[in-house]
Amino acid sequence: MTVVSLIRSTELSDAAQYAYAATAPAGSRYIFLAGSCPLNADGSTAGVGDVAAQARKCIENLHLALAAAGARIDDVISTRVLVASAKQADLVEAWNVVRDAFGDHDAPSTLLGVAALGYDDQLVEIEATAAVQD
């Protein structure tokens, strides 16, 4: 059972496809995940040249990191999605994958275009914070 509460304000635009804020109760254990990268188990970059494929691999790896910490995707309290592109269409392509992966759990998120990311041929990275109660 998730302890994360998503907060929406009727005074803010409903154009955003995520909640504007989220909380977790006192006593929650916070999990700060490193940026989830589109890396295969052997360290190679998945989906070279394909923003959506890399976003999907990032989500797959995010699930694995959350599970290792005793959490699930609906325990995520916020995300930051980084896309190595100045093209809004590339950002939207990555965001569509992320939004679909989170479904109804539309945690607050920031979507950023950046100049470069850390691995060869990397286009997408997804950072997340989660909260659980043990």
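Rings of Phe, Tyr and Trp (its six-membered ring) pair if their centres lie within 6.5 Å; planes under 30 degrees apart count as stacked, over 60 as edge-to-face and the rest as tilted. By this rule there are three aromatic pairs. The structure is a predicted model, in which local features need pLDDT of at least 70 and side-chain atom pairs count only at pLDDT 80 or more, while totals for chains, interfaces and linings use all residues. Residues are numbered from 1 along each chain as its sequence is written, and side-chain values use heavy atoms, with hydrogens and water left out.

**Aromatic pairs**

- Tyr18 and Tyr20 make an edge-to-face pair, with 6.0 Å centre to centre and 70 degrees between the planes.
- Tyr18 counts as partly exposed because its relative accessibility is 27%; buried means under 20% relative accessible area, exposed over 50%, and partly exposed in between (1.4 Å probe, protein chains only).
- Tyr20 has a relative accessible area of 35%, so Tyr20 is partly exposed.
- Tyr30 and Phe32 form a stacked pair, at 6.4 Å centre to centre and 25 degrees between the planes.
- Tyr30 is partly exposed at 39% relative accessibility, whereas Phe32, at 65%, counts as exposed.
- Tyr18, Tyr20 and Trp95 are linked into a cluster by ring pairs.

**Chain and elements**

- The chain has two helices and six strands; helices (H or I, at least four residues) and strands (E, at least two) are DSSP runs, numbered from the N terminus.
- Their order from the N terminus is β-β-β-α-β-α-β-β.
- For 134 residues, a compact globule would have a radius of gyration near 14 Å, and the 15 Å of the chain agrees with this; the radius is taken over C-alpha atoms, and the globule rule is 2.2 Å times the number of residues to the power 0.38.
- The C-alpha trace spans about 40 × 35 × 20 Å along its principal axes.
- Of the 134 residues, 43% count as buried.
- Among contacts between residues at least 6 apart in sequence, 76% join residues at least 24 apart, where contact means heavy atoms within 4.5 Å.

**The sheet**

- Four strands form an open sheet in the order β3-β6-β4-β5, with mixed pairing; two strands pair if DSSP finds at least two bridges between them.
- β3 (29-36) and β5 (109-113) are the edge strands, each pairing on one side only.
- Direction ignored, neighbouring strands of this sheet are turned by 10 degrees against each other on average; axes are lines fitted to C-alpha atoms, for helices over the stretch in contact, and angles run from 0 to 180 degrees between N-to-C directions.
- β4 (residues 76-83) and β6 (residues 124-132) run antiparallel and are joined by seven bridges.
- Within β6, Ala128 is the bridge partner of Thr79, and Thr129 is that of Ser78.
- β4 pairs with β5 in the parallel sense over five bridges, and in β5 the bridge partner of Thr79 is Ser109.
- Six of the eight residues of β4 are buried, so the strand is mostly covered.

**Helices on the sheet**

- Helix α1 (residues 51-68) lies across β3, β4 and β6, and runs at about 30 degrees to β6.
- Helix α2 (residues 88-102) packs on the sheet and touches β4, β5 and β6; its direction makes about 155 degrees with that of β4.
- β4, α2 and β5 make a right-handed β-α-β unit: with the strands pointing away from the viewer, the path from the first strand over the helix to the second runs clockwise.
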